[in-house]
Amino acid sequence: MVQRYGAEVVGGSESHARVVAHRLAMVNEVEVATTNALDYWSWAPHFPVGESMDGPVRVRRFAVTGLRSPTFKDAERHVLFEAHTRSDEEAWLAMQGPHTPGLLEFLRREGKDYDAILFYTYIYEPTAAGLPLVPERAALISTAHDEEPLGLVPYRALFQLPRAFGFLTPEERDLVHARFRNEHIPSEVLGIGLEPPPWHDPEPFREHYSPRGPLVLYLGQVSEGKAVDELVADWVAHREGGGAGSLVLAGTTRMAIPERDDIVSLGRVSDEDKYALLEAADALVLPSHLESLGIVLLEAWQVGTPCLVSAKNKVTSGQVARAGGGASYERGGFGKALAAVLAQRERLGESGRVYVEAECAWPAFDTRLEQLVDLVAT
Amino acid sequence: MRLARVRHAARTARRPGGDLSEPSLLVVVQRYGDVPGGAEAHARSVVQRLRPHFAIEVATTNSTDYLTWKGDLTAGLDQIDGVTVRRFPVERPRAWNFKLHERRAFRGGHTLDDERAFIDAQGPYAPELLDFLFKRGRDYDHVLFFTYIYYPTVLGLPLVPERAVLVPTAHEESAIGLTAYKPVFHGPRAIAYNTEEERRMVWRRFHNERVSNEIVGVGIDIPLGRNATRFREKHGLTGPYLLYVGRIGVSKGSRELFAHYQRWRASDPAHDVSLVLVGDAEIAIPKTSGIVHLGRLNEQDKWDALAGCAAFVMPSLLESLSLVTLEAWAAGRPVIVDARSPVLAGMARRAGAGLAYRGAAEFAEICELLTDDPALGDRLGRSGADFVARTYTWPRVVETYVDLFAEVRARLS
């Protein structure tokens, strides 16, 4: 069960769900229950409602009734930061959507026909209202991070109900345990499995950027939500302090970027270009405070590139520490941390590569997945 | 002002670390005080027994009547047996068309909305009680919910699951099949079942074996000086009698009891045995000779009645724990139960203290057997008294609760 599903859906937990569905389908009968939405903000209808096949996976799409309320942001601010009531918090969940009554009725009626139901993403209504309909056969892959909504009323019981948890990282597990005191519910840290990188050629990027100094790459959504504004400010300070090189931003752009020779915005890039950039880069930077799993870090390590992450994010800092594949930095310490990483690029990149090979190989991932399913299937 | 003071008391009782202040406990129950009802009496007796061990408060409604939920008490703070009771207003009476909501929710093709409407319509609809749990529930170390079925538990328990213990008082009935009750049985930190039979039924339905649990039940207080003669004289009864104590209504199996009794007496007039009924009647009682309705009795009268009966009859199919059946055993009397009630028949078998009937013919046979052979009744009754003394004692019940709560607290600290 996941709020959106499909090859064209962009989103961390949604991609994870699709990978998991396909891996599990190799040895299980797997179906996906989801909505007909493509966009996580409006939940506007996109896919046809009904059954379809995604390779071996049967997909059941249910209609979202109503778009996200235009006053949602106001309602959210109210429940997160102002004095409010229980009903306000309950109403918030429905306003956030995707409101999909058909999916909930399906779970209530047909849920018992499945040995295990994996629910993706704690925050949306299909999980918050759907998991309580089938707690006896449910695993929650919460993809939780330390954010305000985690304290809201719809989630008080949700985190006590499943038979098992699948966490993306040990940091997520520790956060959920600290918040909900539910250590007694068994869990599995899933991480992710990765395909080997596709064919790619880093040389053109190297040739283009290396004359100007180190190539520092950001790959992902270019937005304030991902703290790219902080990265840009840190970069500017770094250059003013005498640092050299280029900052390349690759990904959908949702913020204004200063016009400078040393900051290049490429927009969305192809998969080949992505890996070419990752390999050509001297370091990858991930400034986001709210990542539940830094997949781009793992991809950088696949091609031996070290990473710099915000120390504010426990998850990515934990990943970097476990992999020995880079460094984390505080605001103000960016330049120094970058210099340290660049000085040891080969050693850090190699350490990351070894880590990814052990943790993200398919057999290792599949074993963790099957363990999660075994915790639930009765 | 008084509210603030009480809240403060609850907080100070929750100081972390190994200090000696009592842990705090909030008990949530649909009605509380001088109200009829097995689960409500159960809740009150548990509160009284747990008082020495916890800083205890009760959250309930301002109603005494489970059929209408009319707000016949004053909302606000109350004191009962020296315990602070917070009464929250029932904002609307039980829906006049409750039966309609019931039918909709219980039919095969019902929807989630039908279930939600049923929970609200069944009541007691007291949203302020939920608001209190939302805002203040986490100031208590523990919240103990009585009865799985009503609004305060269904909607209240999910607000404080990490500190909740449930006393379900569940039995087989249509409502328990609703999906809305799954979180009630999967969400709490622990469940205190009344009987083995209740636990087995809940596990079969909900597959919630992973939730910590104990068979707890209640203790039975047995008064000294039970006097059957005093009872007979007071009510002008001569000859042997069967006794029923409790609500007299369709859901309690009273109609079947009347029919079985009348058939037996008609076919076998030689056995001059009356049927004495104690409790409020919700249905008409047949004007047959032999059936005597005494209404409600005080405790002393009730125990005198129990002591003197040839057998106690409990025809209800829907019991999670019949207190009065335990009391009949404690008084040393045998019990006649319907074999279709898993809890009662199971307990009678385990106690070796009762006989179970399937249908009118077996009912008549059992009544004949027990009236013709009083020694058999006495023997069964003694076995019942032993069973109660072994199992349903307050020190064991209190110790089990204290241990359950300590387990909950250990996880929260």
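**Exercises on helix packing and contacts in a predicted model**

Helix 3 of chain B and helix 4 of chain B are roughly antiparallel to each other. The model is predicted.

**Exercise 1.** Determine why helix 3 and helix 4 of chain B are classed as roughly antiparallel, and state which residues make the contact.

*Solution.* Step 1: the axes of helix 3 (residues 98-106) and helix 4 (residues 112-122) of chain B cross at roughly 150 degrees and come within 9 Å. Step 2: angles over 145 degrees count as roughly antiparallel, and the pair is therefore assigned to that class. Step 3: the crossing of helix 3 of chain B past helix 4 of chain B is left-handed. Step 4: helix 3 of chain B contributes Phe98(B), His101(B), Glu102(B), Arg104(B) and Ala105(B), while helix 4 of chain B contributes Asp114(B), Glu115(B), Ala117(B), Phe118(B), Ala121(B) and Gln122(B). Step 5: by class, this contact has five nonpolar, two polar and four charged residues.

**Exercise 2.** Describe the side of chain A that touches chain B.

*Solution.* Step 1: chain A supplies 19 residues to the contact and chain B supplies 20 residues. Step 2: on the chain A side, helix 4 (101-110) and helix 6 (154-158) are the elements that give two or more residues. Step 3: helix 4 of chain A has the largest share, three residues. Step 4: the chain A side comprises eight nonpolar, four polar and seven charged residues.

Terms used:
Residues are numbered from 1 along each chain as its sequence is written. Chains are lettered from A and ligands numbered from 1 in the order in which they are written. This is a predicted model: local features need pLDDT of at least 70, side-chain atom pairs count only at pLDDT 80 or more; totals for chains, interfaces and linings use all residues. Axes are lines fitted to C-alpha atoms, for helices over the stretch in contact, and angles run from 0 to 180 degrees between N-to-C directions. Helices (H or I, at least four residues) and strands (E, at least two) are DSSP runs, numbered from the N terminus. Angles under 35 degrees count as roughly parallel, over 145 as roughly antiparallel, 65 to 115 as roughly perpendicular and the rest as oblique. A crossing is left-handed if the near helix is turned anticlockwise from the far one by less than a right angle, and right-handed if clockwise. Two residues are in contact if their C-beta atoms, placed from the backbone, lie within 7 Å. Ala, Val, Leu, Ile, Met, Phe, Trp, Tyr, Cys and Pro count as nonpolar, Asp, Glu, Lys and Arg as charged, and the others, Gly among them, as polar.
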